[in-house]
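Here is a brief report on one chain.

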Amino acid sequence: MALEALGRTEEAIPHYEKVVLLRPEYAGAMNNLGNAYRSLGQKEEALKMLQRAVETDSSMAIAWYNLGNVLFEQDKPEEAAAKFIRVIELEPKAVKAHFQLGRVYTKLGRFREAADSYERTLELSPDNKDVLFNLSASYGAMGEGEKEIEILLELSLLDPENSLVFYNLGTSLFKAGRYQEAVVYLKRSTELEPSYTHSWNNLSQSLLRLKDYPAAVEAAREAVRTRPDFAMAHASLGFALLGMEMFQESKASFQESIGLLPGYAEPRFGLAIAALALGDRETTVEQMRVLEGLNPKLAEKISEMISKK
């Protein structure tokens, strides 16, 4: 273990292999060798050695844990789950095993079980930021937005420099229709990580809902600046400009968005509105026809707008 501790894993392997050869009943050496193989990316060798370790000593929790990690890394979550459950049977307070079991359940889309695993991890390791982050995502995936927000608010106090926490919190508040609060947290996210396009885009969307069109334009321009090929950012800019009745500029933004993602319905809807305001009925009708295939409800709205003109 001394060589591994010094970061000299490759040098440690021959020593472990020698011990395993001389002492074929020593599961500890097999575990160490398997974990060393894993550290070097030799997953198949690691899998074989760790399997041998648990067969030699079925009570060795650390070997089961390492075996679970290898299986998880090999995209075998069902098998990995069984190994982490075995660890917990042997050591009910094994924090890392509870956490990894939560990650496995998340991978499998079993979000309720994932949340239960993360909750148990928090009982053993309170205020663990990684666990709280994953727990909030589990509740979000289950559609329990208020619970997700509650956890993210707690996490924002524990991890005040993590831009992703503020982004997720702002986005969850946006989905809940709490736009003013969303603006606060999304702004903080952009302060912490000015290059994160999605924070700027969602900030623009929140400001748009509040009808603060100049601020929405500014945020959308930042989203476009940080990622010029992001169709949603151009669409957000188009709608913000539309709110300011800057129809020609709005039309150009929607066209840019459509050019990047032709199957994206919302900018076609915006383009139809902008074109109608400019007296360009031909473009409006053209976009309505396309929307009939992409989103019939939006096409119907455009039809109603045309009939009122």
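## Contacts and burial

Among contacts in the chain (heavy atoms within 4.5 Å) between residues at least 6 apart in sequence, 46% join residues at least 24 apart. Of the 309 residues, 46% count as buried (under 20% relative accessible area; exposed is over 50%, partly exposed in between; 1.4 Å probe, protein chains only).

This is a predicted model: local features need pLDDT of at least 70, side-chain atom pairs count only at pLDDT 80 or more, and totals for chains, interfaces and linings use all residues. Residues are numbered from 1 along each chain as its sequence is written, and side-chain values use heavy atoms, without hydrogens and water.

## Overall form

The chain has 19 helices and zero strands (DSSP runs numbered from the N terminus: H or I of at least four residues, E of at least two). The C-alpha trace spans about 90 × 35 × 35 Å along its principal axes.

## Surface

## Aromatic pairs

The whole structure holds six aromatic pairs (ring centres of Phe, Tyr or six-membered Trp rings within 6.5 Å; planes under 30 degrees apart are stacked, over 60 edge-to-face, the rest tilted). Tyrosine 167 and tyrosine 196 pair edge-to-face, at 5.1 Å centre to centre and 85° between the planes. Tyrosine 167 lies in helix 11 and tyrosine 196 in the loop between helix 12 and helix 13, so the pair ties together parts 29 residues apart in sequence. Tyrosine 167 is buried at 13% relative accessible area; tyrosine 196 is partly exposed at 27%.
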